[in-house]
Amino acid sequence: LVLLEAGHNLVLIENFSNSSPEALRRVLELAGPKAKSRIQIVEGDIRNSDDLDCAFSIASSPIEAVVHFAGLKAVAESFEDPLDYWDVNLGGSRSLLNAMRIHGCRTIVFSSSATIYGYPNEVPISENALVSPINPYGQTKAAVEQLLADVAASEPGWKIARLRYFNPVGAHPS
């Protein structure tokens with residue numbers, strides 16, 4: 001919503017595996033009628049290169065940055081199905097970074113997690129605290145962070161931010 005309010009055009013890629021079209025409808029409602037024309041939605045999966053190519057190609061101008069929230073997100077579920085977590089969270093991120101490289105986009109904000117710290121030695125947790133995840137979900141987030149660091153080190157021009165929050169909650173008054 002904040003990006004729309006700031007005048008940005010958005011392309012969303014969503015497979016609705018842990019969300020629903022209703023959530024997007026509500027965002028559009030909050031954003032107001034003028035915003036609807038500035039959002040394009042691709043129903044697809046970040047693991048699929050054709051879906052990613054579609055998302056990067058439908059924009060009216062080159063995509064300047066990616067905010068990467070795609071992924072599976074339940075700690076307990078990650079113990080039950082770690083293969084899916086590694087496939088979606090790490091494999092999807094790898095596919096996304098490859099598509100970004102192909103389409104000339106080198107700016108990404110990655111939704112990581114404070115769970116990468118495991119059992120911290122101190123509270124509050126410093127960003128420099130030891131990364132020691134204790135569950136498959138946290139391990140995939142830490143692995144994506146390492147992948148991002150490797151990509152940034154291998155090719156100049158990448159701008160990468162990692163958000164290591166605890167339990168995010170919407171800030172809109174609604």
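F16 sits in the loop that links strand β1 (10-14) to helix α2 (21-31). The model is a predicted one. In it, the phi angle of F16 is near 60°. That is a positive value, and F16 is not a glycine. Is F16 buried or exposed? Its relative accessible area is 17%. Buried means under 20%, so F16 counts as buried.

P124 is placed between β4 and α6. The peptide bond that runs from V123 to P124 is cis. Its omega angle is near 5°.

Now step back to the whole chain. It contains 6 helices and 5 strands. Read from the N terminus, their order is α-β-α-β-α-β-α-α-β-α-β.

Next comes the overall size. The C-alpha trace spans about 50 × 40 × 30 Å along its principal axes. For 174 residues, a compact globule would have a radius of gyration near 16 Å. The protein chain has 17 Å, so the value agrees with that expectation.

What about the surface? The accessible surface of the protein chain is about 10,700 Å². Carbon and sulfur atoms account for 54% of that surface. Buried residues make up 34% of the 174 residues. The protein chain also carries 14 positive and 20 negative charges.

Which residues of α6 are buried? They are P136, Y137, G138, T140, K141, A142, A143, V144, E145, L148 and V151. An α-helix has 3.6 residues a turn, so residues three or four places apart point the same way. In the list for α6, T140, V144, L148 and V151 are among the buried residues. What covers the buried residues of α6? The cover includes two helices, α4 (75-80) and α5 (82-102). It also includes two strands, β4 (107-111) and β5 (159-163).

Finally, zoom in on T140, a residue of helix α6. Its relative accessibility is 0%, so T140 counts as buried. Which residues does T140 touch, leaving aside neighbours within four places in sequence? T140 is in contact with Y85, W86 and N89.

Technical notes. Residues numbered from 1 in each chain as written. Predicted model: local features only at pLDDT ≥ 70, side-chain atom pairs only at ≥ 80, totals over all residues. Heavy atoms only, no water. Helix = DSSP H or I, 4+ residues; strand = E, 2+ residues; numbered from the N terminus. Rg over C-alpha atoms; globule rule 2.2 N^0.38 Å. Buried < 20%, exposed > 50% of the residue type's maximum accessible area, 1.4 Å probe, protein only. Areas by Shrake-Rupley, 256 points an atom, 1.4 Å probe, with all protein chains shown as cover. Lys, Arg positive; Asp, Glu negative; His and termini not counted. Charge placed at Lys NZ, Arg CZ, Asp CG, Glu CD. Contact = heavy atoms within 4.5 Å.
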